[in-house]
Amino acid sequence: MTNTLTPSERMLAVLPDALRADASRRLATRAEPLRALLAGLYGEHADFQPWLGELMETLGTLLAARPGELRQLDAQREAQPDWFLNQRMLGYCAYVQNFGATLNGVASHIPHLQELGVSYLHLLPFLKPREGESDGGFAVADFDQVDPALGNNADLEALTGRLRGAGISLCSDFILNHVADDHVWARAARAGDAEARAMFHVFPDRAMPDRYESTLGQVFPQVAPGNFTHIAALDAWVWTTFYPYQWDLNYANPAVFAAMAATLLRLANRGIEVFRLDSTAFLWKREGTNCMNQPEAHALLQALRAVVDIAAPGVLLKAEAIVPTRELPAYFGSADAPECHIAYHSSLMAAGWAALAEDNPSLLREVIATTPALPPSASWLSYVRCHDDIGWNVLRAEAAADGSDAKARLARIAQFFSGANDSYASGAAFQSSDPNAAHGSNGMAASLAGLEKATGPQQRAAALRRLQLLHGLALSFGALPVLYMGDELAQQNDYSYTRRPQHAMDSRWLQRPPFETGRWRERLDRSRTSGAMFAQLCRLVQLRRHHDALAAAAPRTLLDGGDPAILALARGPDLLVLMNFSGQPRRFALSGRWTDCLSDRILVGDIPLEPWAMLWLERTED
Ligand code: GLC
């Protein structure tokens, strides 16, 4: 009998009366775009129509199961879709095991987050990972279970509730490109289940893998070369873009989309408010391409957004697509076909570091100038560091803009951060697939900025200024800034990974230290490096909160002040951030009268900037 109903009617049929009006309103605008997107991807399948009906029924069941408190949040955010664009939003990112040890332990850090002004907490993967090595949890064995080492589902629900009570939204990774090789689908596939096998890209011999390989890149060329892994139990090759134990899902199979969409909604119903969509660029494979950023990957993400808009509209989607700036706008979609709400601006992050290495922000200026405007209710994510390497190759276009040999230029920058040629940085080179391309760079921000090698107070002060400069950029750019755990206290590299055989080859562990409570205790002592960093960061965060002109979507303009070493970022007519990216004292010619919000000094005319100094200027009446 249900089969005579349309897909939307099937959804409405499983909802209690009280939820039907809201659902009908959402369906009126989102059901048809969702159908059209899915028809584009899966319309050729003979059972497309019943499959769609079943999907919509699942959305209804999951909407019906959504706790009342979260439905209220949905309503608030539907009424105010720009809620995450204001300048009071501040993110923080940490591994659970390093920041409280368990989900309950994370809850005990809430006062710390509040002291910093955090309103968004990204906890790196905490779902049940694969047995043994799991790429820091990025190989998920069960999306419906918290990693038993970190807690359980009840702890997760309790944590999201406590965070929400403290005004903090929980962000979780949603690792949708691949699952662990001990996920139930992979185990069933190995046991001979044909439906489970069809969830993956499986090839009986090397013919197709070799054809794909001829145009594919490699993510971990040294620790995990190649994109395919031979699985003896299948007597076949499985697509594994990342580590051999991370099996890529086959989104050409509608069952994969339906299952993953429902998985995301179940997690949303536990109180997760933001999903970091991991490795979004890789979702669709096409022979003859690098299998990144394919139009179908965007259609899949747009369909996922429509699913969220219908069944959990308070939820935000964040694209992790570490791709050149010109590929990024597509991850936001358009006003008519929205995709993700937020995307990492990895070019901005990398260009900030490049500006330090080059003693000149020309690359950064190029990135800012070519950063496109966003559709409504969308934001960049700005950051200084994260748990992954700094990938320089996203900057190829910008690095060539002034006629430079981009590869050589980026390679010099990468070498600088691995500490070559007496540079102040303490970092490690990460892998690169292309011998001509720049390798990535690993290290905690403070160590890359020179704190680890600094010998006297002067060198320490200079390193601190560099660290603060990059945080100032992330906070003033016009984005949702996310701090990386430990950077607020200038924590340094953690070399212990070299003694763990399973991690020794992956230097990203250099920047994954445990939270140093000793530094936290001395955070109010400004004579300590950690205290000086903490004080300056809190000051910047406070200032940002008080200036509407610093909101994510407020206009930004680059000013030309004559001195190429100074980046002058105007946020509206009355706020100007000046950043000296060179190790030399510089001057900037101001017109008008300004107050430096960091020192409360009134400034006019030709003003000096110390090496790596930063000024946040507010226009002042005469
Ligand atoms: C993302 C994560 C990274 C992980 C990869 C594979 O890029 O940030 O840490 O290795 O996805 O899941």
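**Tour: a pocket lining and some ring contacts**

The lining of the second largest pocket divides into 13 nonpolar residues, four polar and eight charged (Ala, Val, Leu, Ile, Met, Phe, Trp, Tyr, Cys and Pro count as nonpolar, Asp, Glu, Lys and Arg as charged, the others, Gly among them, as polar). This is a predicted model, where local features need pLDDT of at least 70 and side-chain atom pairs count only at pLDDT 80 or more, while totals for chains, interfaces and linings use all residues. Residues are numbered from 1 along each chain as its sequence is written, and side-chain values use heavy atoms, with hydrogens and water left out.

Select Pro81, Arg305, Asp309, His341 and Ser377: of the 25 residues that line this second largest pocket, these are the closest to its centre. Next, show helix H2 (17-42), helix H4 (68-79) and helix H12 (295-311), each of which supplies at least two lining residues. H2 gives the most, with four. (Helices are DSSP runs of H or I, at least four residues, and strands are runs of E, at least two, numbered from the N terminus.)

Move to Arg466. Its charged end sits over the ring of Tyr424, 3.5 Å from the centre, and also over the ring of Trp612, 4.3 Å from the centre (CZ of Arg or NZ of Lys within 6 Å of the ring centre and within 35 degrees of the ring normal).

Finally, select Phe99 and Phe515. Phe99 is buried, at 0% relative accessible area, and Phe515 is buried too, at 9% (buried is under 20%, exposed over 50%, partly exposed in between, with a 1.4 Å probe and protein chains only).

Methods
On a 1 Å grid over the protein atoms alone, a cavity is a set of points where a 1.4 Å probe fits but cannot get out, and a pocket is an open set with protein on both sides within 12 Å along at least five of seven lines; lining residues have an atom within 4 Å of a point.
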